[in-house]
Amino acid sequence: MSRAGMLIGLGVAAALALANFAAAQDDQDAAAWSRQAARGAFELCRVDAPDAGKVAEQGEVWGWPEFVPYLEHPVGYERTAGGESRRTLTVGDQTSYVELTVQSGEVKSAAPAQVRYFRCEVAANQPVNQTLAAYFTARYGRPSVVTGRSTVWLAGATPVAGAAASDDAALAPVIAGPVGAKVTRVELSHERGLDRAKLSFFEKTAG
């Protein structure tokens, strides 16, 4: 395809995305709207990972409000890109929202190993986790762990015992593995009245 054709295609895609976003804003089913937004957030992350800056850039094209910097600096990590955005729908006196937070950079606590990371997190005040559970099961198979508090998927490097318990535990086989070792950890939970979903990706690099 010629460069001009590619630009036209991108322009059409952007126009369709904005039209779909406007239509979604008119949808009176707040729960359905939230599920659509949450799943769309992880589709953005799937396509543009592990570059959080690219996710934010494309997210704004696809209807997410401007991604703004945030203050969190995870202990043991050096974030080089990231931001957060929120889509909202107001029906009567009720406002539903879906927040999307992305970040990427280097895992400093892994030194001397060189490990890059990417995180994509969603929080919604409507029930979205059932839809996201189906989404992640389609991608990664049955969950690795299901408890009363969370549902976790692991994919990639062979996990060590207890790897599903936390991001740090899932990171261990990447640090110990060869260059190119990678793992993806997904966790669904419900905390402080919000459905929450977090995808973390780690990859050992050559430096």
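A polar contact is a pair of N or O atoms within 3.5 Å; within protein, one must be able to donate a hydrogen and the other to accept it, and residues adjacent in sequence count only if both atoms are side-chain atoms. Keep that rule for the cap of helix α3 below.

This is a predicted model: local features need pLDDT of at least 70, side-chain atom pairs count only at pLDDT 80 or more, and totals for chains, interfaces and linings use all residues. Residues are numbered from 1 along each chain as its sequence is written, and side-chain values use heavy atoms, with hydrogens and water left out.

**Whole chain.** Start with a cartoon view. The protein has five helices and seven strands; helices (H or I, at least four residues) and strands (E, at least two) are DSSP runs, numbered from the N terminus. Along the sequence the pattern reads α-α-α-β-β-β-α-β-β-α-β-β. Of the 207 residues, 43% are buried (under 20% relative accessible area, with exposed over 50% and partly exposed in between; 1.4 Å probe, protein chains only).

**The sheet.** Select the strands. They form an open sheet of seven, in the order β1-β2-β3-β7-β6-β5-β4, with antiparallel pairing. β1 and β4 (145-146) are the edges, each with a single partner strand, so one side of each lacks a neighbour in the sheet. Two strands pair if DSSP finds at least two bridges between them. Now zoom in on β1 and β2, which pair in the antiparallel sense over 14 bridges. Pick E84: opposite stands T101 in β2.

**The disulfide.** Select C45 and C120. A disulfide joins them, S to S 2.1 Å; the term covers cysteine sulfur atoms within 2.5 Å. C45 lies in helix α2 (residues 30-48) and C120 in strand β3 (residues 114-124), so the link ties together parts 75 residues apart in sequence. Look down the S-S bond: with 75° about it, the link is right-handed. Both cysteines are buried. The structure holds one disulfide.

**Helix α3.** Select residues 52-61. The buried residues here are A52, V55, A56 and G59. They cover an arc of only 95° around the axis, which puts them on the same side of α3; the arc is that of the directions from the helix axis to the C-beta atoms. What covers them includes α2, β1 (77-91), β2 (94-107) and β3.

Now check both ends. At the N-terminal end, D51 caps α3, with a side-chain oxygen 2.9 Å from the backbone nitrogen of G53. Just after α3, G63 takes a positive phi of about 105°.

How values were computed:
Contact = heavy atoms within 4.5 Å.
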